[in-house]
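Visitor: I would like to learn how to read a few features of a protein model. Could you walk me through them?

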Amino acid sequence: MVLTALFTIHCSLFTSPVRAQSLQKGKASFYAKKFHGRKTASGERMHPDSMTCAHKSYPFGTMLKVYNPANGRSVIVRVTDRGPFIRGRIIDLSWSAAKQLGIIGQGVATVFVSKANTFVVPFLPSDEIEIPDLELETNDGAPALHPFWKDMKEDQLKAQQKTQQKVQQKPQRKVPAKTPKKGKK
């Protein structure tokens with residue numbers, strides 16, 4: 001009775017007063033790693049590192065808080081499968097959830113299960129981050145930001161044009177055709 005009262009106080013942040021009555025007490029087991037990659041009843045693939053569980057009655061996607069009174073640890077898991085179908089067991093946990101609860105060595109442990117209506121995500125920032133307004137414009141060919149290789153290419157083109165103009169402006173001399181010399185043999 002004392003543990004149930006402590007768990008109710010411990011879960012007051014995660015459950016509403018109406019749902020506190022749906023607190024379940026029973027045995028929890030966990031999926032063996034050999035089930036990795038197999039499809040669950042919801043159609044998702046089982047992964048040992050995911051924080052998921054199997055429950056007989058809660059809808060898929062429901063977030064549940066599982067509390068281990070033996071060591072005071074608790075986890076929040078998502079329902080993705082049906083089961084367990086062994087008498088006395090109320091929830092099957094993923095390997096990672098069972099490890100966080102500290103029941104890997106035991107295999108089966110007594111736990112309290114309740115629906116988690118709201119929960120805190122530890123990595124989500126609580127305050128708004130103000131992002132500065134940035135003016136993103138092109139430089140419109142500002143000389144300081146003009147690439148040097150473009151200047152080099154323009155200089156080369158100008159030099160080529162000048163040489164072509166010089167060649168075209170020069171009068172072409174007629175070179176007399178060479179005639180074979182008659183002479184000594």
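Guide: Gladly! Let us begin with contacts: two residues are in contact when heavy atoms lie within 4.5 Å. Keep in mind that this is a predicted model.

Visitor: Which residues is His55 in contact with, leaving aside its neighbours within four places in sequence?

Guide: They are Gln24, Leu64, Val79, Asp81, Arg82, Gly83 and Ile90. His55 itself sits in the loop between strand 2 (52-54) and strand 3. His55 and Ile90 are 35 residues apart along the chain, with 6.7 Å between their C-alpha atoms. A polar atom of the His55 side chain also lies 3.4 Å from the backbone nitrogen of Tyr58.

Visitor: Does His55 count as buried or exposed?

Guide: Buried means under 20% relative accessible area. His55 counts as buried because its relative accessibility is 2%.

Visitor: And how should I read a peptide bond?

Guide: Most peptide bonds are trans. Here, the bond from Gly83 to Pro84 is cis, with omega near -5 degrees. Pro84 belongs to the loop between strand 4 (73-81) and strand 5 (89-93).

Visitor: Which residues touch the most other members of the largest nonpolar core?

Guide: Leu64, Val66, Val77, Ile91 and Leu93 do, out of 18 residues in that core. Elements giving two or more residues to this core include helix 2 (95-101) and strand 6 (109-115). Beyond four places in sequence, Ile91 touches Leu64, Val66 and Pro84, among others.

Visitor: Which residues make the nonpolar surface patch of about 390 Å²?

Guide: Phe148, Trp149 and Met152 make that patch, and Trp149 is found in helix 3 (residues 148-169).

Definitions and conventions: Residues numbered from 1 in each chain as written. Predicted model: local features only at pLDDT ≥ 70, side-chain atom pairs only at ≥ 80, totals over all residues. Heavy atoms only, no water. Helix = DSSP H or I, 4+ residues; strand = E, 2+ residues; numbered from the N terminus. Core = buried A, V, L, I, M, F, W, Y, C linked by side-chain atoms within 4.5 Å. Buried < 20%, exposed > 50% of the residue type's maximum accessible area, 1.4 Å probe, protein only. Patch = residues over 30% accessible without salt bridge, like charges linked within 9 Å, V, L, I, M, F, W, Y side chains within 5 Å. Areas by Shrake-Rupley, 256 points an atom, 1.4 Å probe, with all protein chains shown as cover. Salt bridge = Lys/Arg side-chain N within 4 Å of Asp/Glu carboxyl O. Polar contact = N/O pair within 3.5 Å; in protein donor to acceptor, adjacent residues only side chain to side chain.
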